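Subject: Structure for you to look at

Hello,

Here is the structure I promised to pass on. Please open it and keep it beside you while you read the notes below.

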Amino acid sequence: MDYTLIKYDRHPCFSFEVSHKYARMHLPVAPHCNISCNYCNRKFDCLHESRPGVTSEILSPEAALQKYKFVKDRLSNISVVGIAGPGDALANWEKTSLTVDLIKRSDPDVLFCLSTNGLMLPDYAREIIDLGIRHVTVTVNCLSPEIGEQIYRFVDYKGKRYKGGEGAGLVIENQLSGIKSLAVQGVAVKVNIVMIQGINDNHIPEVIKKVKDLGAFISNIMPLIPAPGSLFENLPQTCMKEINRMRNICSG
Ligand code: SF4
Ligand code: SF4
């Protein structure tokens with residue numbers, strides 16, 4: 001894969017060197033989600049990129065553009081606009097793509113970054129690339145439907161609701177084919193993994209190896225922070241000692 005076309009030099013989440021120099025802002029234009037993670041309470045923002053218990057006010061694409069301009073006028077080091085919820089960026093594609101288009105016309109230099117559970121990646125990979133989006137974060141918690149059915153309660157896909165291993169298998173298949181498709185076309189893919197002790201913790205090295213083979217650029221193992229009101233609310237929060245142990249195991 002040719003990474004030379006990708007501008008890492010200004011994305012604080014993709015380059016440690018610039019993480020203190022540049023900033024990113026999230027625009028909450030994507031209210032809906034198409035899956036149900038057991039650690040999520042949909043009263044709050046998507047947990048894949050935010051803290052539990054945080055609720056964003058939904059913006060229209062036009063209001064998002066105004067907010068971007070307002071913030072950029074005051075914080076000139078903003079280099080990245082992230083669409084990361086409060087639901088899934090691709091489950092709200094019309095609003096996500098319109099927001100990107102409006103801001104791009106106003107500021108052609110800004111980078112865009114999408115966060116998604118990956119279910120709709122095979123459908124939108126081409127449009128993501130055509131819109132000029134060069135950074136995408138996908139949350140991949142496992143590779144097997146047997147583990148996935150413990151994490152995903154249901155999956156809404158093209159007008160039908162899937163449960164159990166069938167739903168989880170669909171998410172996993174689309175995540176993996178979507179990552180590959182983006183990576184071969186030069187998009188920098190970051191993979192987030194929520195480490196859930198007793199469910200996917202021992203499986204994480206396999207996930208990392210697989211997504212690396214598919215062309216993912218960087219990964220981030222995150223602790224389970226059970227949202228109040230979610231099905232996992234009584235599971236223990238994964239401690240940072242365990243997270244760092246797993247990061248060390250996977251660092252190769
Ligand atoms: Fe919640 Fe999962 Fe959807 Fe994110 S992807 S909003 S954590 S259900
Ligand atoms: Fe960073 Fe992109 Fe994730 Fe936002 S969505 S936190 S900009 S990697």
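Two residues are in contact if their C-beta atoms, placed from the backbone, lie within 7 Å. This is a predicted model, in which local features need pLDDT of at least 70 and side-chain atom pairs count only at pLDDT 80 or more, while totals for chains, interfaces and linings use all residues. Residues are numbered from 1 along each chain as its sequence is written, and chains are lettered from A and ligands numbered from 1 in the order in which they are written.

Leucine 59 comes first. Leaving aside neighbours within four places in sequence, leucine 59 is in contact with Leu27, Pro28, Val29, Ala64 and Lys67. Leucine 59 sits in the loop between strand 2 (35-37) and helix 1; helices (H or I, at least four residues) and strands (E, at least two) are DSSP runs, numbered from the N terminus. Leucine 59 and valine 29 are 30 residues apart in sequence, yet 5.0 Å apart in space, C-alpha to C-alpha. Is leucine 59 buried or partly exposed? It counts as partly exposed because it has 19 C-beta neighbours inside 10 Å. (A residue is buried if 20 or more other C-beta atoms lie within 10 Å of its own, exposed if 12 or fewer, and partly exposed in between; C-beta atoms are placed from the backbone.)

Isoleucine 221 is in strand 9 (residues 218-223). With 22 C-beta neighbours inside 10 Å, isoleucine 221 counts as buried. Apart from neighbours within four places in sequence, isoleucine 221 is in contact with Ile193, Met195, Ile204, Ile243, Met246, Arg247 and Cys250.

Next, the helix pairs. Two packed helices are described by the angle between their axes and the distance between the axes. Axes are lines fitted to C-alpha atoms, for helices over the stretch in contact, and angles run from 0 to 180 degrees between N-to-C directions.

Helix 6 (residues 204-213) and helix 7 (residues 240-250) pack at an angle of about 45°, with axes 10 Å apart. That angle makes helix 6 oblique to helix 7. (Angles under 35 degrees count as roughly parallel, over 145 as roughly antiparallel, 65 to 115 as roughly perpendicular and the rest as oblique.) In this contact, Ile204, Pro205 and Ile208 of helix 6 meet Met246, Ile249 and Cys250 of helix 7. By class, the contact of helix 6 with helix 7 has six nonpolar, no polar and no charged residues. (Ala, Val, Leu, Ile, Met, Phe, Trp, Tyr, Cys and Pro count as nonpolar, Asp, Glu, Lys and Arg as charged, and the others, Gly among them, as polar.)

Helix 1 (residues 61-74) and helix 2 (residues 93-106) pack at about 40°, with their axes 9 Å apart. Helix 1 is therefore oblique to helix 2. The contact of helix 1 with helix 2 has seven nonpolar, two polar and three charged residues.

The axes of helix 3 (residues 121-130) and helix 5 come within 9 Å and cross at roughly 20°, so these two helices are roughly parallel to each other.

Last, the core. The largest nonpolar core has 70 residues, of which Ile179 and Val189 touch the most other members. (A nonpolar core is a set of buried Ala, Val, Leu, Ile, Met, Phe, Trp, Tyr and Cys residues joined through C-beta atoms within 7 Å.) Helix 5 (residues 164-184) gives the most to this core, with eight residues.

Regards
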